[in-house]
Amino acid sequence: MTTTISANPERSRGRETSLQSQRARAAFWFLAPMLVMLFFVAAWPLFRSIMFSFTDAEANDIFTGGSEWVGFDNYLSWRVRDDGSIRWRGVLADADWWNAVWNTIRFAFMSVALETVLGLLVALVLNAEFKGRGLVRAAILIPWAIPTIVSARMWGWMLNDQFGIINDMLLTVGFIDSPIAWTARADTAMIAVLMVDVWKTTPFMALLILAGLQMIPRDMYESAKIDGIHPMKVFFRVTLPLLKPALMVAVIFRVLDALRIFDLIYVLTPQSEATVTMSILSYRELQQFGDYGEGSAQSTLLFLIIALFVLLYIWLGRVDLSGERSK
Amino acid sequence: MNHKMKAAALRVSALAMAAALVAPAASAQGVEVTVVSGAVGAAVANFDALVAPWEERTGNDAVLVPMPASTTDQFGQYRLWLAAQNGDIDLYQTDVIWAPQLAEHFVDLTQVATEAGLIEQNFPSIIESQTVEGKLVAIPIFTDAPALFYRTDLLEKHGREVPTTWAELQETAQFIQDAERAEGNGEMWGFVWQGNAYEGLTCDALEWVKSFGGGQIVEPDGTISINNPQAVQALETAAGWVGTISPEGVLAYQEEESRGVWQTGNAVFMRNWPYAYLLGNGEDSAVAGSFDVAPLPMGEGEGAQSAATLGGWNMAVSRYGDQQEAAIDLALYLGSAEAQKQRALNEGNLPTIQSLYEDAEILEANPYFARWQEVFQTAVPRPSAPTQGDYNEVSTLFFTAVHSVLSGEEEAADALEDLEADLEDVLE
């Protein structure tokens, strides 16, 4: 329908605009309930969080009022100690917060990188035709289907230093000579968390990438085959460029997810400084300490950091695309 | 004993919510009192029998709303309800450390508890833990205090005594661990406890600090006392256990993980709560009948003593509840010797009333109770009273600092100096 209108742009411009505005109005009314819903479940809470971050609100007074506007104190302020020294405070001066930021970014980068590479490999295998492919495709999704809390608990026991099966297997094979306290040691806690996250999320990545792979026309591979091109070259010259849009979407999904990681780490290595993330700190501040001011400041910063990453990613993605076009 | 409560019954909650909505017509004259509690299965099942005598006597109804999630989540939920001045819930079952944080929302029970004789019947330290600025915030209904579990068979075999100081414990644990390992028992460890970074570590570490005469983090008058040489020594002592008499993994252990090592027969000593006693003597336990309990060891230096962190649960009456009068009456009943005895017999909960520890019927059902009376003499409260609404933050700062010392990331002296400044920030 749209094609008929846009195909004849010169003819009857007046009728077209009225038709278009009529359509736009209709569309607006259809969208209105959704917009109202979005306002209440997304925009309003976000606005409230940001507002709270400029007050000294406590859990005890958020319903009754009584909290005061404190400007940017939750973000950065200072106090003079009895001995005259100055102590900086607020989220931006909090070493724990920057530790959590660093942990989160490290976790997001490493988990998404591993999951993308492994997911791509799995997707390539699943894209090949072999007997029982449907069954394997279903089976590989099992880790993704298990609720995170359950898999975190499960892995917690598997990684246990005394009765964990992972240590038992490594000992039996002879890779280690004494059991490793995976989740307890500062240097292995992040590895443990990454291991479980990769195990859980690779299937999801594989699925998204597989969908992308199936969009690539088969005849491109056939002509490459006829031309006798090496399979590796086919992969890098045909598969990867054509897969790129799907890959970009998959990666952005995962980065957003990984930056707000909470459940897995909260269950597997609760409050360990080596793995604590921004979401966990903010949860702790809001729910356990009841400090809505500082907790909201942390949530707001988390929101800004995620927004920054998404913008950066989209921007970098575009630069890359235009670079290709100029070739 | 937080983890026990965490196992609360999800499926029952919907049912109870429904019951709470439907029930009002049930008794014509009496009123309905709504009790919210994050209880274990046995507590939910036992509730009706527990309150039956009270219901009969007053003609009122008591309805239990079990909370589905962990104590931490319960706390968050309760605080929101109370902040919103919710009138639906009349009685809250509260953890021993919550009272000061929620004090402003609860009714002062000092007078009614005194009239009922409960103040003098209870252990003074427990009443103290529920008193905020002279106001009794909640009535104790059962209590908890940890002890040192030790293997009678191993001590006897190696000719050792039950240790009364941490130094003796370390020496004995190391000796038996080495001897047992030399005999081919390669998985034997000397001492297991709770080293994970969570509320439980605050309990463990408070005991070490207190037992070395290093105070109780924040004193009852609000002084921040944690940065002192005895506390440093206490933490250094504990850090010395990790990797020697305690597995490195103890830094990730909560109660259940340490019980796992203990109950499979792979530890000489364990620090744990009383619940581990019944389970340790269960049919599937490798240590059944071959262990006993004693007060936790003490440190050295001035003011050294044995110390046990106080746990336990209480009943608090909401200021906003619709049935305040009946709720107060029910709270008094649940804290009475009659109800506490019923709980001790049916749920194995430790009473807060001193005389019940000499009750023949209770001791017959729970022979280990007699030994806990001694443990309660050394009970130390967590600093929830002087820190009030900031307790959770104080506790988190404390266990985080302790955890970094235990894992060797920080020196005890530096960690405690930083902790002191952080605590000043929070409490000023």
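This short talk goes through a predicted model of a complex with a chain A and a chain B.

Some housekeeping to begin with. Residues are numbered from 1 along each chain as its sequence is written, while chains are lettered from A, and ligands numbered from 1, in the order in which they are written. Since the model is predicted, local features need a pLDDT of at least 70 and side-chain atom pairs count only at pLDDT 80 or more, whereas totals for chains, interfaces and linings use all residues.

Let me take confidence before anything else. For the complex, the predictor gives an ipTM of 0.73 and a pTM of 0.79. Residue by residue we have pLDDT, the predictor's confidence on a scale from 0 to 100, and for chain A this averages 85, with 92% of the residues scoring at least 70. Among the elements of chain A, the highest mean pLDDT, 93, belongs to helix 3 (residues 95–127), and the lowest, 44, to helix 1 (residues 2–7). Over residues 1–9 of chain A the pLDDT is below 50, and this stretch has one contact in the model beyond near neighbours in sequence; by contact I mean two residues whose C-beta atoms, placed from the backbone, lie within 7 Å. In chain B the mean pLDDT is 87, and 91% of the residues reach 70 or more, but residues 1–28 of chain B stay under 50, and for them the model has 50 contacts beyond four places in sequence. Where pLDDT is low, the predicted coordinates should not be read in detail.

Now to the chains themselves. Chain A has 13 helices and two strands, where helices (H or I, at least four residues) and strands (E, at least two) are DSSP runs numbered from the N terminus.

Chain B comes to 21 helices and 13 strands. The radius of gyration of chain B is 22 Å, close to the 22 Å that the globule rule gives for 428 residues, so chain B is as compact as a globular protein of that length. Its C-alpha trace spans about 70 × 50 × 40 Å along the principal axes, and buried residues make up 55% of the chain. If we take contacts between residues at least 6 apart in sequence, those joining residues at least 24 apart are 75% in chain B and 64% in chain A.

How do the two chains meet? In the model, 26 residues of chain A are in contact with 28 residues of chain B. On the chain A side, strand 2 (86–89) and helix 12 (278–288) each supply at least two residues, and helix 12 of chain A gives the largest share, three residues.

Let me close with two places inside chain B. The axes of helix 11 (residues 199–211) and helix 20 (residues 391–406) of chain B come within 9 Å and cross at roughly 70 degrees; axes here are lines fitted to C-alpha atoms, for helices over the stretch in contact, with angles running from 0 to 180 degrees between N-to-C directions. The residues making this contact include Leu201(B) and Ala205(B) of helix 11 and Phe398(B) and Val402(B) of helix 20.

The other place is Pro146(B), in the loop between strand 6 (139–144) and strand 7 (147–151) of chain B. Pro146(B) counts as buried because it has 30 C-beta neighbours inside 10 Å. Not counting residues up to four places away in sequence, Pro146(B) touches Arg271(B), Asn272(B), Trp273(B), Leu296(B), Ala308(B) and Thr309(B). Its C-alpha atom is separated by 13 Å from that of Asp292(B), 146 residues away along the chain.

How values were computed
Rg over C-alpha atoms; globule rule 2.2 N^0.38 Å. Buried ≥ 20, exposed ≤ 12 C-beta atoms within 10 Å, placed from the backbone.
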